[in-house]
Structures are given as structure tokens and as C-alpha cells.
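Subject: Structure handover

Hello,

Here is the structure I said I would pass on. Please have it open while you read the notes below.

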Amino acid sequence: MSQFDYDLFVIGAGSGGVRAARIAAGFGARVAVAEADRPGGTCVIRGCVPKKLLVYAAHFREELEDAAAYGWSADATFSWPTLIANKDREIARLEDIYRTLLKTAGVSLYEGRAFLVDPHTVEIAARRYTARHMLVATGGQPVRPDVPGAGFAITSDEAFQLAEMPRRVLIVGGGYVGVEFGGIFHGLGAQVTIAYRGEQILRGFDDDVRHHLHDELARKGLDVRLHCDSRSIERRADGSLAATIVTGGAPQQLEVDAILFATGRQPATAGLGLEASGVQLDAHGAVVVDEYSRSSVPNIHAVGDVTNRVALTPVAIREGAAVATTLFGGRRVAMDHRDVPHAVFSQPPVGTVGLSEAAAAAAYESVDVYTATFRPLKNTLSGRNERTLVKLVVDAATQRVVGAHMVGPDAPEIIQGIAIAVKAGLTKEQFDATVAVHPTAAEEFVTLRDKRAARR
Ligand SMILES: Cc1cc2nc3c(=O)[nH]c(=O)nc-3n(C[C@H](O)[C@H](O)[C@H](O)COP(=O)(O)OP(=O)(O)OC[C@H]3O[C@@H](n4cnc5c(N)ncnc54)[C@H](O)[C@@H]3O)c2cc1C
């Protein structure tokens, strides 16, 4: 008889925690998971999935506009309450699936906020449970800038639950969540301003991607302001909000119906009892882990956003699976964080894998760059003036493709396939030897000819 109630206790039933729990249980471990909110976590409840549903909704406007050139006519109106109600129904269905998956795997689910009493004891709703191994998978939460009136603004968490569709929206932040919500609200008919304090949106992405997307957003009518800081927010008597923003010179007041802070996320480690249990956190509050996701306390592991490595669902899932396999599957597995593909579900969307031109130029002595911009075939009849960007970054010495980037319709779907080639270390010659699928936008990835040296 074990001295512990469980072999593994997971705190957080999100992407990483649920996968770890299920895989560990599959290896015969006795597993429990605690969830303070709804099983499924950020991705399912207030992240990737509801966001993508709203992106689909927003894109219908352009589809309907373009349809006219293809002979269709339709009188379309949009209902925000219908969209939100349908989205909520789908999220509830997915939450149920997560509950069933845990139950079927034999994992005990405790609903409530958990914290560590010591490295082997967790407390939820005044009850204590012991486990040989602990897994912290508590994810992250949105950061709210410390400006007067910040409480009047919403974050992505609340954006999914607004009772009414705002007609004028200020988005503070130019990361992927900011540009995605900018596209959603714009597509649904709102007047959107994106205020970003940096020099270009999508910091960390390839510079051509950043500039191309900025141009496309501006062309669609989004007001993207760079070097722009928000200073304060006031609520007016009529319920509208007045934001004071500064772009270089004098402060300016912007009147809007909603302000969305998309100013980053922080690891959810507060109040978890981690430091008291000896778990080392970094300056951002993230759990410091080794390549096997093990913290400074040997029986406590951490996966997903709480470790602040690559904050994406498929990464959290793989890290969780790796921990479960290492602990109970008789095989040590480390997550490989190289060449993780990213998508931005902006309009147009972005797909990217591997190194940006700047990162490749820093890593390799000589780098070849191939780019093409073109008008997608569909836009010829509709006359839509949106252009697609396709780009490959190649290590000149080995001819290995070390980065692939795309902005344009279906970019996330296309980059998933290209990511296999980049991960496999294929060369430009092997890309060129691949026969195109015609007529597609993706075929540009195997027909790129114009070469230039990387900008340094
Ligand atoms: C708006 C938005 C859009 C996104 N879009 C994408 C996308 O398109 N693609 C993508 O790959 N990623 C996307 N992400 C990121 C993705 O959601 C996260 O990377 C992923 O959910 C991380 O999984 P996780 O297991 O680390 O944490 P989470 O999924 O956040 O799960 C953590 C869980 O722990 C629970 N919890 C926290 N503290 C406690 C406690 N003390 N006790 C019990 N339970 C606790 C929380 O309630 C939560 O359910 C998006 C995120 C946001 C916010």
C-alpha cells in the first residue's frame, strides 16, 4: 500500500494538465487533477477555440462582399448575441468532453482552487491529499497595465462574454492576441484602433511579416498606431469610455465603447504555495524547470504557460505527455522546443515556423532569403486588394531551410505542412524538387527563385 493518496496530483485541468493526467493514468498511475474554473483551461474556455470561432464569424463579412463578384447576392445582417450563444454552447460541449476524458481515464477531478501545503500535499476546499509527484499546470492570466481607470477595460477573458458588440474599440497591445481581436471586431463592423507602444506589431515575428500584416490591417481600415502609449481611462456619463493615449507628441483623447488590454500574460503562480515548498520561480513568476520540466524540487514538475517557455497549446500538451512518460512510462522524454510553428489568426492570417530573417542572420554566417508577394487568384474577380506574402529563410552554407513565413488566406493550414519539412531539416533544393499543386498560394513555397542576402 502506497504511503500517498495518489501517484500524481495535477494542479490545473488545461491543455498540459489534462494530457499529463490522461497519459499517466494510461500507464497505470493513480492520478488526480484539481481545477479552479472549468476543465479545458484557457485554450478551450477563453483562448484558441472561442477565438477561432469569432475569427470565422468576422471573416464572413469579406466572404459576403467577395461573393458578389462570383454571381451571388445576399442580404446579410449580423447578431452578436447569436454568435456568443452558439459559441457558448460549443464550449460547454467541449468542457463536457474534457470531463468525460478524465473520467474514462480513471482520473479523479477535484473542483476548486488548489495550493501546495508541502511538496507532497495539496489542499483544496479545506481537504488535503498527498501524492508522490506533483504537476503544476496552472497556465497564465492576462496582465492589466497599471494606469488610472484600468478597471474599465477588459481583457481577452471578458471579450468572449460581452453582452453587446462594441461599435468603437481600442485595443492596447500589438501582440498576436491584440491583432487577432482587432481583426475580429473590425470584421464584425466595429471601428478599431490598435495602440502599441513598440516600433512594429507582432514583436518576435519576422520583420517582413510584421510590416506586411501592418500594411494589410491599415488597408482594411484598422487604425494601427505605433509608439503609442495609453495613459488613463475614464468612463463618461453616457457609458462610453475616454482613453488618453500618447503617440510621441501631445496626449489625445479617444472615445470608444470598449478598451481591450492585450498586454501580455503572466504565469499563474501566485498563492500556490510554490516558494514555501522550495520551488524556484523566475523574475516573471514562472516556474523554473529543466528540459524534463522538473522544478528545483525533484518531485514537483511544471508544464505549459506557467513555465513561460513557448506559450502555445500544442507545446503544453507535449510537455505534459513528456512528463507523464518520463515519470510512469519507463522512458525519459524531453520536449524539443525548436521549430515550433505559430499561427496568428489575424485577417489575413499568419503562419510561421523556424527562424525569422533577423534570427537566422544572427545565427548563421550567410543567409539566403526568398520572398514573393502576390494577389491571390480569388481576389482577381472580387478586386479585393489584399496581397499574400511567402518567405523562406535559408542557411547559405548547408542550403537548409531554417525559416518559413506566410501572411495570407490559409497561412496557418499551409504552414503546418511546411513545418514538417523545416523540422526535418530539408534543403532549398528539396523544396524546389517538390512539384507544385496548382493553382494554389502554397505552391509559391516550392517555386521561389529570387534570392537576396539577409539584411544585417
Ligand atoms: C485569447 C487567447 C488566444 C489563444 N490562442 C491560441 C492559439 O490560437 N493557439 C495556441 O496554440 N495557443 C493559443 N493560446 C494559448 C493557449 O491557450 C495556452 O498556451 C494553453 O492554454 C496553455 O495550457 P496550460 O495547460 O499551460 O494552461 P491553461 O490551459 O491555462 O490551464 C490552466 C488551468 O489551471 C487552472 N488553475 C489555475 N490555478 C489553479 C489552482 N490554483 N487550482 C486549480 N486550478 C487552477 C485554470 O483555471 C486553468 O483551467 C491563446 C491564449 C489566449 C489567452
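Ten of the twelve residues of α6 are buried, so this helix is largely enclosed by the rest of the structure. Buried means under 20% relative accessible area, exposed means over 50%, and partly exposed lies in between (1.4 Å probe, protein chains only). Helices (H or I, at least four residues) and strands (E, at least two) are DSSP runs, numbered from the N terminus.

Before the rest, two notes on the source. This is a predicted model, in which local features need pLDDT of at least 70 and side-chain atom pairs count only at pLDDT 80 or more, while totals for chains, interfaces and linings use all residues. Residues are numbered from 1 along each chain as its sequence is written, and side-chain values use heavy atoms, with hydrogens and water left out.

Helix α6
The buried residues of α6 include Phe181, Ile184, Phe185 and His186. The helix covers residues 176-187, and at 1.5 Å a residue its twelve residues should span 16 Å; the end C-alpha atoms are 16 Å apart, which agrees. The expected span is 1.5 Å times one less than the number of residues. After α6 comes Gly189, with a positive phi near 110°.

The six-stranded sheet
An open sheet is formed by six strands in the order β17-β18-β21-β20-β19-β22, with antiparallel pairing. Two strands pair if DSSP finds at least two bridges between them. At the edges are β17 (342-344) and β22 (451-453), each of which pairs on one side only. On average, neighbouring strands of this sheet are turned by 20° against each other, direction ignored. Axes here are lines fitted to C-alpha atoms, for helices over the stretch in contact, and angles run from 0 to 180 degrees between N-to-C directions.

Within the sheet, β19 (residues 367-374) and β20 (residues 388-395) run antiparallel and are joined by eight bridges. Opposite Val369 stands Val393 in β20. Helix α7 (residues 207-220) packs on the sheet and touches β18 (350-354), β19, β20, β21 (401-407) and β22; its direction makes about 175° with that of β20. Contact means heavy atoms within 4.5 Å. Helix α11 (residues 411-423) lies across β17, β18 and β21, and runs at about 10° to β18.

A hairpin
Strands β12 (residues 241-247) and β13 (residues 251-256) run antiparallel, with six bridges joining them. The bridge partner of Thr244 in β13 is Gln253. Three residues lie between the strands of this hairpin, where Gly248 takes a positive phi near 75°.

Cysteines
The structure holds one disulfide, a term that stands for a pair of cysteine sulfur atoms within 2.5 Å. This disulfide joins Cys43 to Cys48, with 2.5 Å from S to S. The torsion about their S-S bond is about -135°, so the disulfide is left-handed. Cys43 counts as buried at 11% relative accessibility, whereas Cys48 is partly exposed at 32%. Cys228 is buried too, at 2%.

Ser293
Where is Ser293 placed? This residue is in the loop between β15 (265-267) and β16 (300-302). Ser293 counts as buried, at 3% relative accessibility. Not counting residues up to four places away in sequence, Ser293 touches His301, Ala302, Val303, Arg309, Glu319 and Val323. The side chains of Ser293 and Arg309 make a polar contact (3.0 Å). A polar contact is a pair of N or O atoms within 3.5 Å; within protein, one must be able to donate a hydrogen and the other to accept it, and residues adjacent in sequence count only if both atoms are side-chain atoms.

Regards
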